[in-house]
2 protein chains.
Amino acid sequence: MGRLVLLLLLAFLMPGLAIPVPPALKALSNLHLSTSFTSRPSVVMKYSIHYIEQKIDHFGFKNDKTFNQRYLIADQHWRKEGGSILFYTGNEGDIIWFCNNTGFMWDVAEELKAMLVFAEHRYYGQSLPFGADSFRDSRHLNFLTSEQALADFAELIKHLKRTIPGAENQPVIALGGSYGGMLAAWFRMKYPHIVVGALAASAPIWQFEDIVPCGVFMKIVTTDFKRSGPNCSESIQSSWDAINRLTRNGTGMDWLSEALHLCTPLKNAQDVQHLKDWISETWVNLAMVDYPYESNFLQPLPAWPIKVVCQYLKNPNLSDKKLLQNIFQALNVYYNYSGQARCLNMSETSTSSLGSLGWSYQACTEIVMPFCTNGIDDMFEPQPWDLKTFSDECFKQWGVKPRPSWITSMYGGKNISSHTNIIFRGGPSSRSPSQQCL
Amino acid sequence: MGRLVLLLLLAFLMPGLAIPVPPALKALSNLHLSTSFTSRPSVVMKYSIHYIEQKIDHFGFKNDKTFNQRYLIADQHWRKEGGSILFYTGNEGDIIWFCNNTGFMWDVAEELKAMLVFAEHRYYGQSLPFGADSFRDSRHLNFLTSEQALADFAELIKHLKRTIPGAENQPVIALGGSYGGMLAAWFRMKYPHIVVGALAASAPIWQFEDIVPCGVFMKIVTTDFKRSGPNCSESIQSSWDAINRLTRNGTGMDWLSEALHLCTPLKNAQDVQHLKDWISETWVNLAMVDYPYESNFLQPLPAWPIKVVCQYLKNPNLSDKKLLQNIFQALNVYYNYSGQARCLNMSETSTSSLGSLGWSYQACTEIVMPFCTNGIDDMFEPQPWDLKTFSDECFKQWGVKPRPSWITSMYGGKNISSHTNIIFRGGPSSRSPSQQCL
């Protein structure tokens, strides 16, 4: 059971998962509520790619090595007179993917005469401090922390102001979503001399220690399903036992593999657990990209995808097999909206632009976010939060131990009232899972 | 010449020297201006000694080792009801020595119902992360930074609030002088959720890069001598050439060694440079402890010691030998006020409670404070600020390179207007060298 907990929680902590992941598009685009119920109008996203040499270790002097951090600049609307700089505090993925999915910055660039800067987070995309060796061991991963990332951002902004004529005295505003939203907020908290303000979208800065109950996030995900169709969450709730009953023997596993069109058939109890984790992740992801318009962030999806999913999940009292055939239809909305998939692949839940190795390490060190389910307030199988097991698994995987209280020591937890000019913004409606964590 | 520059500047950067060093007593005691023109009344300084286990590296996870940080608590005046916590952000020395020399905290403890906490800075006093090996090489010194020290302070305060019943909701105020004053200010800037305010005494937070001209500090020291007696600074100004002329040959060196009562006679040009550096340091130290009452901080001294010194330095136009005999009398005020010294020892300028090894490393990495003299606006031999030479010497000594712009990136330089509740306080009068740097 301990291990299962971890699998589920690690899943949560995988990019695109439990960290109310990069809903930059979601949270930011929807600031334009009146127009955003259809797909975004096409904006020409033209940017140039640059690199800046950064110290691998900003907080020590023994290691004098450097790496190239990638960043993008879009300056077609920038003006030296009265202009500004919008600075995207890159999170756990390829910066070009974030750049293409952060419509809000492009939308407001002209009005603000703004230069858009998208900074890649170290250890993601092309910004790898030790190249291919970056994830090799805890020695190479040692410089993957939020503090180092913020220091990179600070040095980058200083560099831009020093080298771009006209930029020196312009205000810089930090923007980011999800983990990037935390970074935007923390950046303003720690470097107020460098950014005049921050827009932190869907930033779960209180999802640490016991600041919020560990069950809150999954409860909100459940609420999204509850509100999207009658009996929808109840159907999902019933599905776990149905899976457990059906997979007691090989015949049942074969049947289920077929019914769910799995690319790789289930063979043992471990596969069954993996299946349940994968399905859980899918529901969580849907909650995070439940946009009111067609979109393609984690996956290509219809407008209000959870409503579409719930059309298949209206009756929780069906036979196990009928129920799971409906679950397949529901999963198919997420994994096969395009109709191209020949089978469902349990090893994929979202875009490969997110950096899962780096994120797994960060979740095992600083970004320790307790998640749990109890199967009563939420529609998932009960999984308590178990720091000890989590810690042991982290040590096994990366040779490091989580330090769950550190983020609160560093960034203040709920005691952030002395800071100014930080806008925390959730999704467009009460449907947003990350919004309500705050 | 390059090397000489370094020697002088390194001297400046030695504890008790150019960093307007720990004038905690000076700046803090004098807040009670009306009573402080005599020696402090005797307060019973009763404290208990404690240790807290701290991570050696707060900013990485590969190194999981810990060390014991020492701290002192004085709680005789502390009240659970309506009380507060005054937190001394320890600087570059033994915390017990600072504790005994920070009268202000003891003076206000009763009125504020305050618990006094004195936290020792890592790598000083007994708080050595690697014991006797702490200064062995750049690998062991890698965790000696202001950021690590502030993180220690944050964790210590969290620990005290968690473990001392009644402390949890009390306000904590950071206090410190000189480098410790910088730390107090920076602590409030970076951890406003942990300290509600800071009293930063004689904290030269702008003595970095080109925020203030590099000559400012020595110019202010010179002003102190100018104002303390007619022809005083001019006499000192004349003394350098007199030394240079006298020490052109061995006979002159012997004469001068005798005249200055040096414990170790001068033998070569290097010794002569060392002598001039040592004398310069002495004048700087005098400016930093020019208290209006008898004191014993860096050395036992009379009230207004510079006035006493200047009584011996009224005529700059004497013969070289006469002038230097007077310089001896002046030095003797600083080194032999007690009358116990049989000779003057060039290897000592102040108390051994300050940690010179650690400070030399910090000055070579983060705390890079440019100092210079031109012999025109000040009374010293001209010494330009030469970062290249300084850097080379640092690399030779410690295997590290200074990063002069880092402190400004981290703490904002002059752009600190978004912070609140920080009192920057200089010395009691315009005589304070560190005050005017700000």
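A salt bridge is taken here as a side-chain nitrogen of Lys or Arg within 4 Å of a carboxyl oxygen of Asp or Glu. By this rule the structure, a predicted model, holds 20 salt bridges over all chains. Local features need pLDDT of at least 70, side-chain atom pairs count only at pLDDT 80 or more, totals for chains, interfaces and linings use all residues, and side-chain values use heavy atoms, with hydrogens and water left out. Residues are numbered from 1 along each chain as its sequence is written, and chains are lettered from A in the order in which they are written.

Within chain A, Asp152(A) and Arg122(A) form a salt bridge in which the closest N and O atoms are 2.6 Å apart. Asp152(A) belongs to helix α6 and Arg122(A) to the loop between β4 (114-119) and α5, so the pair ties together parts 30 residues apart in sequence. Helices (H or I, at least four residues) and strands (E, at least two) are DSSP runs, numbered from the N terminus.

The contact between the chains (heavy atoms within 4.5 Å) takes 39 residues from chain A and 40 residues from chain B. About 3,400 Å² is buried between chain A and chain B, 54% of it from carbon and sulfur atoms; buried area is the accessible area (1.4 Å probe) that two parts lose on being put together, summed over both. Across this interface 4 salt bridges are found. Lys401(B) and Asp64(A) meet through their side chains in a salt bridge (3.8 Å, N to O). On the side of chain A that touches chain B, α5 (138-141), α6 (146-163), α7 (179-190) and α16 (406-411) each supply at least two residues. The most comes from α16(A), with 5 residues.

In chain B, the axes of helix α8 (residues 216-226) and helix α11 (residues 269-288) come within 9 Å and cross at roughly 75°. Axes are lines fitted to C-alpha atoms, for helices over the stretch in contact, and angles run from 0 to 180 degrees between N-to-C directions. α8(B) and α11(B) are therefore roughly perpendicular to each other (65 to 115 degrees).

Note on methods:
Parallel < 35°, antiparallel > 145°, perpendicular 65-115°, else oblique.
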